[in-house]
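Work through the exercises below with the sequence and the model open. Try each task before reading its solution.

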Amino acid sequence: VAYQRCHKDSALIVSALDGKESKRVPSPSSYAFAQKSATLYYVTKDTTKSKPGLYILDAAKGEERLIKEGKGTFSSIRFNNEGDKIAFLYTEKKDKERTQSLWLSIGGAPAHEAVNHSTAGVPEGWVISPNYNISFSKDGSRIFLGTAPEPLRKDSTILESNRPNVQVWSWDEPVQYTVQQYNLSSDLKKS
């Protein structure tokens, strides 16, 4: 059993159902169990007791392993059904849409970068989408991830006051301008 009391800054407590063994993890940012095993992952920030990164804990054996060390952003973390493989998106930098890559760990080994924006099969000018949830095939032999065109960067050399704020549209568009504005955030997240 794993639980966190009240708020996100509290410790994660992992204990056996009989109550004999328990472990405390200081303020993890996320955690989850594998579907068919007693394997747990958790992500920690920099603390005095542990290095920042992604850990897996085999609750049945009591073994804890750091599979990816880093202060970057971990997202879309998924186990396969058996819990022996874990895939996740990781980025070191703030500009996460452009630098995200897919990392994979098999059997609790240290994770390795499996896919990035320059991997064969990812179209040129496209990036790994943070808006698509990673998933494994039923037998765990394949990983499904989303890609999307690289988002346009805002020109930072022009001051905001010098940018025109103009809405250009015509009366014969298939979708009205107000509907386009309403759907803009979901359209930008498509992968």
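**Exercise 1.** Locate Ala111 and decide whether this residue is buried or exposed.

*Solution.* Start with the position. Ala111 sits in the loop between S10 and strand S11 (112–115). Helices (H or I, at least four residues) and strands (E, at least two) are DSSP runs, numbered from the N terminus. Next, the accessibility. Ala111 has a relative accessible area of 13%, so this residue is buried. The cut-offs are under 20% for buried, over 50% for exposed, and partly exposed in between (1.4 Å probe, protein chains only).

A note on the source: this is a predicted model, where local features need pLDDT of at least 70, side-chain atom pairs count only at pLDDT 80 or more, and totals for chains, interfaces and linings use all residues. Residues are numbered from 1 along each chain as its sequence is written, and side-chain values use heavy atoms, with hydrogens and water left out.

**Exercise 2.** Find what surrounds Ala111, leaving aside its neighbours within four places in sequence.

*Solution.* Apply the contact criterion: heavy atoms within 4.5 Å. With sequence neighbours within four places set aside, Ala111 touches Ile67, Lys68, Phe88, Trp103, Leu104 and Ser105. Now take Lys68.

**Exercise 3.** Which side chain makes a polar contact with the side chain of Gln100?

*Solution.* First place Gln100: the loop between helix H1 (96–99) and strand S10 (101–106). Its relative accessibility is 2%, so Gln100 counts as buried. The partner is Ser75, at 3.4 Å. A polar contact is a pair of N or O atoms within 3.5 Å; within protein, one must be able to donate a hydrogen and the other to accept it, and residues adjacent in sequence count only if both atoms are side-chain atoms. Ser75 belongs to strand S8 (residues 73–79).

Then compare the lists beyond four places in sequence. Gln100 contacts Ser75, Leu89, Tyr90, Thr91, Ile128, Ser129 and Pro130. Ser75 contacts Phe88, Leu89 and Gln100.

**Exercise 4.** Give the strand order of the open sheet of 4 strands, and name its edge strands.

*Solution.* The order is S4-S5-S6-S7, with antiparallel pairing. Strand S4 (28–33) and strand S7 (63–69) are the edges, each pairing on one side only. Neighbouring strands of this sheet are turned by 20 degrees against each other on average, direction ignored. Axes here are lines fitted to C-alpha atoms, for helices over the stretch in contact, and angles run from 0 to 180 degrees between N-to-C directions.

Finish with one pair. S4 and strand S5 (residues 39–44) run antiparallel, joined by 5 bridges; pairing requires at least two DSSP bridges between strands. Tyr41 in S5 is the bridge partner of Ala32.
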